[in-house]
Amino acid sequence: IEVMFKTGFSPPNNVFTVNRDEGPYSARVDTRQLHFSLGPRVRIMDRSSPWNITAAVGPRLFLLRTISSGSRDGQPFAEFIEQSTKVGLFAAVGFEYALGPGAIFADVGLGWAPMQHTITGNVSTGNLAITLGYRFFLL
């Protein structure tokens with residue numbers, strides 16, 4: 001069993017323009033998400049096997065910041081900033097290959113937490129992530 005700590009950052013955004021009789025309106029919405037996970041990871045096969053299948057599940061803390069701004073005919077108006085912090089869940093499955101003091105791994109993970117924002121409405125931070133990397137073993 002492994003206790004893991006993981007952090008991630010995702011900076012998606014959306015930009016759009018609407019043409020009206022009085023001129024074009026442009027808007028931009030930036031959503032920044034930072035998350036921290038803590039939970040056990042279980043290896044299915046024996047530790048002596050070079051290949052292993054893993055599973056992890058636990059709580060994930062989501063920090064979400066949304067910034068909305070707009071303009072009409074190039075003249076800016078209204079900027080709104082909204083921040084939220086929620087506890088959600090994560091689950092991941094993957095495989096690893098022992099190499100040196102650790103293992104090369106690939107995981108598929110799912111994270112989720114509900115968010116109630118004024119700018120984006122009632123949404124969730126649901127995400128599906130594929131992670132590739134190298135994991136060091138301390139013991």
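Modeller: Before we start, a charge sits over a ring if NZ of Lys or CZ of Arg is within 6 Å of the ring centre and within 35 degrees of the ring normal. Please keep in mind that this is a predicted model.

Colleague: Thanks! Which residue lies over the face of Phe105?

Modeller: Phe105 belongs to strand S6, residues 102-112. The distance from its ring centre is 4.0 Å, and the limit for a charge over a ring is 6 Å. The residue lying over that face is Arg135.

Colleague: Is Phe105 buried or exposed?

Modeller: Setting aside neighbours within four places in sequence, Phe105 has contacts that include Phe95, Thr131, Leu132, Tyr134 and Arg135. The relative accessible area of Phe105 is 13%, and the cut-off is under 20%, so Phe105 counts as buried.

Colleague: Let's turn to the rings. How many aromatic pairs are there?

Modeller: Happy to count them for you. Rings pair if their centres lie within 6.5 Å. By this rule, the number of aromatic pairs is 4.

Colleague: What kind of aromatic pair do Trp51 and Phe95 form?

Modeller: Their centres are 6.1 Å apart, and the planes make an angle of 40 degrees. Planes under 30 degrees apart would be stacked and those over 60 edge-to-face, so this pair is tilted.

Colleague: How many residues apart in sequence are the parts that this pair ties together?

Modeller: Trp51 lies in strand S4 (residues 51-72) and Phe95 in strand S5 (residues 75-99). Trp51 is partly exposed at 46% relative accessibility, and Phe95 is partly exposed at 43%.

Colleague: Which strand supplies the largest share of the nonpolar patch?

Modeller: The patch on the surface has about 1,100 Å² of accessible area together, and its members include Trp51, Phe95, Tyr134, Phe136 and Ile44. Ile44 sits in the loop between S3 and S4. At least two residues come from each of S4, S5 and S9. The largest share, 3 residues, comes from S5.

Note on methods:
Residues are numbered from 1 along each chain as its sequence is written. This is a predicted model: local features need pLDDT of at least 70, side-chain atom pairs count only at pLDDT 80 or more; totals for chains, interfaces and linings use all residues. Side-chain values use heavy atoms; hydrogens and water are left out. Rings of Phe, Tyr and Trp (its six-membered ring) pair if their centres lie within 6.5 Å; planes under 30 degrees apart count as stacked, over 60 as edge-to-face and the rest as tilted. Helices (H or I, at least four residues) and strands (E, at least two) are DSSP runs, numbered from the N terminus. Buried means under 20% relative accessible area, exposed over 50%, partly exposed in between (1.4 Å probe, protein chains only). Contact means heavy atoms within 4.5 Å. Patches are made of residues with over 30% relative accessible area and no salt bridge: like charges are joined within 9 Å, nonpolar side chains (Val, Leu, Ile, Met, Phe, Trp, Tyr) within 5 Å. Accessible areas come from the Shrake-Rupley method with a 1.4 Å probe; for residues, only the protein chains shown count as cover. A salt bridge is a side-chain nitrogen of Lys or Arg within 4 Å of a carboxyl oxygen of Asp or Glu.
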